[in-house]
Amino acid sequence: MPDEIRLAVDVMGGDHGPKTIIPACINYLNTNFDVSITMVGDVKQIKKVLREIVSKKSNKFCFDLSGNSERLNIFHTDKEISMNDAPSFALKNGKESSMWKAIEITKEGKTDAVVSAGNTGALMAIARFLLRTLPGIDRPAIASALPNKKGISTTVLDLGANIECSPSQLFQFASMGSALVSVNDLIPNPTIGLLNIGEENIKGNEVVKETSKLLESSNLNFVGNVEGDDIFNGSVNVVVCDGFVGNIVLKSSEGLAQMIINLLKEEYKSNSLSKLAAFISSPVLKKFGSKIDHRRYNGAALVGLRGVVYKSHGSADSFGFEHAIERAVGSVRNGLNVKIIEALNQNN
């Protein structure tokens, strides 16, 4: 474990940029003294946000906010990749962008991990180009935690990086997912399920059936096929699928959660009795809201790279982005890539 964990944060990415990401960095540093952050982006915009934060008398900090301190410093570039840029465009034209530079300084060993809320496709393309994949990994995958009824989380991968996958690639995803959960959730031997249309071995396409055979003959803690509801009931720690299925699962679950919250708000505001009921039940509602708050699960790992890279949701607020930082720090602190290589070697 490194004595100090150094993060490169692309502060220009996402829907809100520096005004959301910089406060998240400062809040995290204020309570985590073994972490330093290099903010990569436009120095003028960064210093403007820093001055605004310092000017608020209610804020108290235990480190220098000039942007030139050991724990919080600036790497200047005024170029950025937009959320609409194609990965091919980013690779060709993004060499001076904040996203590229954040990954580049991590490749050079100046920082230990990257966190960005920017364009997902561009982030994956640039990270794969600069960092390359780990030995034994064909393709990186996107892995993220989703809430379940046990109050913890279920890690699902792939969530969109690989639309079509071979059995060996899905097996690699399982190994990487197991390693990720072991370091971030501190579960020594995570259970793994293969997402299918039923639990029976006779169900599914040939890719899923062949993947199941590979997992059954491995040292991984494979429990068999699982269905979509197993993600949310917490029956397994890791769920493996291709990126096409995974992305649909992710977007559908986010949409469903938002719909439930919106419907509850509408009903509680519909009349005086409903408003009274909302007041009486507010402690329960707050607890419920906290459990399904997607911000607490923010931060998707780009696993399989020769470096630690995390993608925050583009619309995340400071609270959500802070959780992405925490996940990146956990992966560095507990040796994510070492665990991945160990898992692969045990099953070769």
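Begin with the largest pocket of this predicted model: select Leu146, Leu250, Glu254, His294 and His313, which lie nearest the pocket's centre among the 47 residues that line it. The space in this pocket amounts to about 1,300 Å³.

Next, colour the elements around the pocket. Two or more lining residues come from each of α5 (120–131), β5, α9 (243–268) and α11 (282–291). Helix α9 provides the largest share of the lining, ten residues. By class, the pocket lining consists of 20 nonpolar, 18 polar and nine charged residues.

Three cavities of 30 Å³ or more are counted in the model. The largest cavity holds about 80 Å³ of space. To find this cavity, select Ala145, Thr155, Leu180, Asn184 and Arg327, the closest to its centre of the 13 residues that line it. The elements to display here are β5 (141–147), β6 (153–157) and α6 (167–184), each of which gives two or more residues to the cavity lining. In the lining of the largest cavity, six residues are nonpolar, five are polar and two are charged.

The following stop is a pair of helices. Two packed helices are described by the angle between their axes and the distance between the axes. Select helix α1 (residues 18–31) together with helix α12 (residues 318–333): their axes are 8 Å apart and the helices pack at an angle of about 55°. Helix α1 is therefore oblique to α12. The two helices, α1 and α12, form a right-handed crossing.

Show the side chains where these helices meet. On the α1 side, select Thr20, Ile21, Pro23, Ala24, Cys25, Asn27 and Tyr28; on the α12 side, select Ser318, Phe321, Glu322, Ile325, Glu326 and Val329. The contact of α1 with α12 comprises eight nonpolar, three polar and two charged residues.

Two details of the backbone complete the tour. Select Leu157 and Asp158, which are joined by a cis peptide bond with omega of about 10°. Asp158 is placed in the loop between β6 and α6. Then move to Arg132, in the loop between α5 and β5.

Technical notes:
Residues numbered from 1 in each chain as written. Predicted model: local features only at pLDDT ≥ 70, side-chain atom pairs only at ≥ 80, totals over all residues. Heavy atoms only, no water. 1 Å grid on protein atoms, 1.4 Å probe; cavity = no way out; pocket = protein on both sides within 12 Å on 5 of 7 lines; lining within 4 Å. Points joined across faces, edges and corners; volume = space filled by probe spheres on them. Helix = DSSP H or I, 4+ residues; strand = E, 2+ residues; numbered from the N terminus. Nonpolar A, V, L, I, M, F, W, Y, C, P; charged D, E, K, R; others polar. Axes fitted to C-alpha atoms, helices over the stretch in contact; angles between N-to-C directions. Parallel < 35°, antiparallel > 145°, perpendicular 65-115°, else oblique. Left-handed = near helix turned anticlockwise from the far one by under 90°. Contact = heavy atoms within 4.5 Å.
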